[in-house]
Amino acid sequence: MKYKVIKKQNNGKKCIVCGLENNIGLKTSFYELENGKLVGICTTKEEHQSYPGRLHGGISSALLDETIGRAISINNPEIWGVTIDLNTKFRKPVPLDEEIKIIGEITKETRRGFEGEGKIILANGEVAVTAWGRYIKMDIDKITNTNIDHEEWILNLKEDDPTEIEIFE
């Protein structure tokens, strides 16, 4: 099913998952959808491998952690998620040099924290990795000593950004 993109989220500068200036990073773009889910889109590269031709499981986990943790900002733009637990299940290998989608959604929210689920979907629509995570809500000034400003936290709009994203559910 196709869902309308409501908003594109910012990218960081050096983050391994979304950093635009990280030479070995995934440079993932994140899109908020009309169904309340967050979708990350990236292309895996040789630098991200474990076994030849396969994405490292730690990179898969990082993608899911970032996507689930960011999903809280759909309804709470000033809140950031700090991971307490992340549990992943690896169902299929994730190939390299292929665009993948990472979907995250919030399943439970309290005043101080939230839980969420995510999955990595391959280009053929198959689910390769799933995850469940638990996070603490925090303001950015309590997470880092670095000032997160327009130099570090960038809205990277591109002409080819999708207006709709298809998700196989």
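The structure is a predicted model, in which local features need pLDDT of at least 70 and side-chain atom pairs count only at pLDDT 80 or more, while totals for chains, interfaces and linings use all residues. Residues are numbered from 1 along each chain as its sequence is written, and side-chain values use heavy atoms, with hydrogens and water left out.

One helix and ten strands make up the secondary structure of the protein chain, where helices (H or I, at least four residues) and strands (E, at least two) are DSSP runs numbered from the N terminus. Their order along the sequence is β-β-β-β-α-β-β-β-β-β-β. The C-alpha atoms occupy a box of roughly 40 × 35 × 30 Å along the principal axes. Of the 169 residues, 40% are buried, meaning under 20% relative accessible area with a 1.4 Å probe, protein chains only.

The largest nonpolar core contains 25 residues, and Leu63, Val94, Ile100, Ile102 and Ile120 have the most contacts inside it. Such a core is a set of buried Ala, Val, Leu, Ile, Met, Phe, Trp, Tyr and Cys residues joined through side-chain atoms within 4.5 Å. At least two of its residues come from each of β4 (38–43), α1 (57–71), β6 (99–109), β7 (113–121) and β8 (127–138). The greatest contribution, five residues, is that of α1. A second, separate core has ten residues, among them Tyr31, Leu33, Ile103 and Ile167.

Beyond its neighbours within four places in sequence, Ile100 is in contact (heavy atoms within 4.5 Å) with Gly40, Ile41, Cys42, Thr44, Leu63, Val94, Ile120, Ile121 and Leu122.

Conventions: Buried < 20%, exposed > 50% of the residue type's maximum accessible area, 1.4 Å probe, protein only.
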